[in-house]
Amino acid sequence: MAIDKDELLAKQQSEVDSQLWAMANELRGNMEASEFKNYILGLIFYKFLSNKIVKTINDELSDDDITFAEAWEDESNQDDLRKLSVRTIGYFLDPKYLFEALVDKININQFTVEDLKEGIQAITSSTVGAESQSDFADLFEDMDLDNNKLGKGEAERSKLIGKIILKINDLNLDLTQTNFDILGHAYEYLIGKFAASAGKKAGEFYTPAQVSELLARIVTLENKSPRTAYDPTCGSGSLLLRVRNNVDNPNSIKLYGQEMVTTTYNLARMNMLLHGVDYEKFNIYNDDTLEHPCEKHMSVREGFDAVVANPPYSAKWDPTGKEADSRFNGYDGKYAPASKADYAFVEHMINRLSDSGTLAVVLPHGVLFRGAAEEVIRTKIIRDYNLLDAVIGLPANLFFGTSIPTCILVMKKCRTNSDNVVFIDASRYFENGKNQNYLREEDIQRILDAYKARVDIDKYMHVAPLSEIKENEYNLNIPRYVDTFEEEEPIDIHAVIAEIKSLEAQRAELDAEIDKYLKELGLL
């Protein structure tokens, strides 16, 4: 009986997941989850870089019938091999620092954490002065190999790190196409597992895969060949990667992202490389997007074709001094309140959207109806700029650390249907999970089909003319547009009275029978 490929892949993924979590449990007693995942992911990434350089150089030398290791033994080849590697994949790693070389040392009890530290330094040093320098700088800085939580001395730290290296070596993480998919899955699994156990803070950098997939499909629905994709709060980069996976030619799109938290910024860069994104095809920047947007991102004159984000909900920001900032000064002198930066992120995204692009952002429901400055901004976006194309209500409890329901706003600068806005209430279509709810593929497709068709669906979707939104004073609360009220069946009061009388008669009979038994027992 033939084994289904999807079943085989799922089985392999499950095996890898089990090993990864077992590995995490090795470190659980020593440190917090937010720390131990840095070591596991860092070592997985080190193995990936090691495997990649071996495969790349071996492929380059295949016509000469010689391997990387064999060629390196001739000192006259070494400089050319370094240059070839940096030019091709952006970095170089001496064979003595390869992951398999560290494994060999562990097996003969000669490994120390210094070997790994030297290997990491070698990768970083090899990129100095190259185009890839910024993409590889400080990638491993969160993997502190001198941390006393790993052990009191070098010997204890070496023993624990060596144990994790051997476990990672046992994982099925080759660079064949199938296993490469497993590598990416394993990486996302561990982030997700950490997020599930760590609660609210994890949601700052992790967007559930199903939500990422929905956003990615929305922004590529009408354009399967976008030149660029941008996420101003990119976290671990999962949204950008999902967009890349949904275009016709993934190698043609360039990904741009900005992330404020340094640890998460490092994860995003690792994630790009782990998923085969060439270092020339992504640009991730580390800083506060609202206060210090990346100059390189802001200088992309035509803007970005696919703009996606799951920004921190109702974050604080400082609106003072923004009068001269073109991102925020086009809304009748009103700015997003200091306690809720939701619309500040929206305004920034609008500013970076190309004329032919699509923007999709996840936000709390409050952006649909809150008043004051947010009402002015919302009205301006709809009435004056006519950017809003769709409002999609999602189920509650989809995100790690928060159970609140969220919505997706879809915006375009050149709308095909410029006289109406789609409202979708998808809040009732999901699968219950142990910790979070999940969007199923059928739920995602239901949303996409409805959005594309733009035809009213009872209790699910309404295509609202702009005049209707104006009548509602630009309040976008979904129940104003999609009526999900279910009428209760009419009650036959006469039947209810008859049933009550019947029950009372039955009770009287039972009471009489009980009295009879009590008398026989001499209790009455």
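Visitor: How many residues of helix α11 are buried?

Guide: In this predicted model, helix α11 runs over residues 238–245 and is mostly covered, with 7 of its 8 residues buried.

Visitor: Which residues are they?

Guide: The buried residues of α11 are Ser238, Leu239, Leu240, Leu241, Arg242, Val243 and Arg244, where buried means a relative accessible area under 20%.

Visitor: And what share of the chain is buried?

Guide: Buried residues make up 50% of the 524 residues in the chain, and the chain exposes about 25,200 Å², of which carbon and sulfur atoms supply 47%.

Visitor: How many helices and strands are there?

Guide: The chain has 18 helices and 9 strands. If we look at contacts between residues at least 6 apart in sequence, 74% of them join residues at least 24 apart.

Visitor: Let's go inside, then. Which residues touch the most other members of the largest nonpolar core?

Guide: That core has 103 residues, and the ones touching the most other members are Tyr46, Leu116, Ile408 and Ile424. Helix α2 gives the most to this core, with 12 residues.

Visitor: What does Tyr46 touch?

Guide: If we do not count residues up to four places away in sequence, Tyr46 touches Leu93, Tyr97, Phe99, Leu102, Leu116, Gly119, Ile120, Ile123 and Phe140. There is also a second, separate core of 43 residues, which includes Tyr343, Ile350, Val367 and Ile469.

Visitor: Some of those have rings. How many aromatic pairs does the structure hold?

Guide: The structure holds 14 aromatic pairs. One of them is formed by Phe45 and Phe140, a tilted pair with 5.6 Å from centre to centre and 40 degrees between the planes.

Visitor: Where do Phe45 and Phe140 lie?

Guide: Phe45 lies in helix α2, which covers residues 33–60, while Phe140 lies in the loop between α7 (133–136) and α8 (154–170), so the pair ties together parts that are 95 residues apart in sequence. Both Phe45 and Phe140 are buried, and ring pairs link Phe45, Tyr46, Phe48 and Phe140 into a cluster.

Visitor: What about Tyr313 and Phe399, how are their rings placed?

Guide: Tyr313 and Phe399 form an edge-to-face pair, with 6.0 Å from centre to centre and 85 degrees between the planes. Tyr313 lies in the loop between β4 (304–309) and α14 (342–352), and Phe399 lies in the loop between β6 (388–393) and β7 (406–412), so this pair ties together parts that are 86 residues apart in sequence.

Visitor: Is Phe399 buried or exposed?

Guide: Phe399 counts as buried at 5% relative accessibility, whereas Tyr313 is partly exposed, with a relative accessible area of 22%.

Visitor: How far is Asn437 from Phe399?

Guide: The C-alpha atoms of Asn437 and Phe399 are separated by 8.1 Å, although the two residues are 38 residues apart along the chain. Asn437 is found in the loop between β8 (420–425) and α16 (441–453), and at 10% relative accessibility Asn437 counts as buried.

Visitor: What is Asn437 in contact with?

Guide: Leaving aside neighbours within four places in sequence, Asn437 is in contact with Ala396, Asn397, Leu398, Phe430, Glu431 and Asn432.

Visitor: New topic: which residue lies over the face of Tyr460?

Guide: That is Arg446, which lies over the face of the Tyr460 ring at 5.8 Å from the ring centre.

Visitor: Back to helices. What span should α4 have, and what does the model give?

Guide: Helix α4 has 15 residues, 75–89, and at 1.5 Å a residue they should span 21 Å; the end C-alpha atoms are 21 Å apart, which agrees. In α4, Gln78, Leu81, Leu84, Ser85, Val86 and Ile89 are buried.

Visitor: What happens just after α4?

Guide: Just after α4, Gly90 takes a positive phi of about 95 degrees.

Visitor: Which residues other than glycine have a positive phi?

Guide: Most residues other than glycine have a negative phi. Among those with a positive value are Asp138, whose phi is near 60 degrees, and Asp332, whose phi is near 55 degrees. Asp138 lies in the loop between α7 and α8 and is partly exposed, with a relative accessible area of 47%, while Asp332 has its place in the loop between β4 and α14.

Methods:
Residues numbered from 1 in each chain as written. Predicted model: local features only at pLDDT ≥ 70, side-chain atom pairs only at ≥ 80, totals over all residues. Heavy atoms only, no water. Helix = DSSP H or I, 4+ residues; strand = E, 2+ residues; numbered from the N terminus. Buried < 20%, exposed > 50% of the residue type's maximum accessible area, 1.4 Å probe, protein only. Contact = heavy atoms within 4.5 Å. Areas by Shrake-Rupley, 256 points an atom, 1.4 Å probe, with all protein chains shown as cover. Phe/Tyr/Trp six-rings, centres within 6.5 Å; stacked < 30°, edge-to-face > 60°. Lys NZ or Arg CZ within 6 Å of the ring centre and 35° of its normal. Core = buried A, V, L, I, M, F, W, Y, C linked by side-chain atoms within 4.5 Å. Expected span 1.5 Å × (residues − 1).
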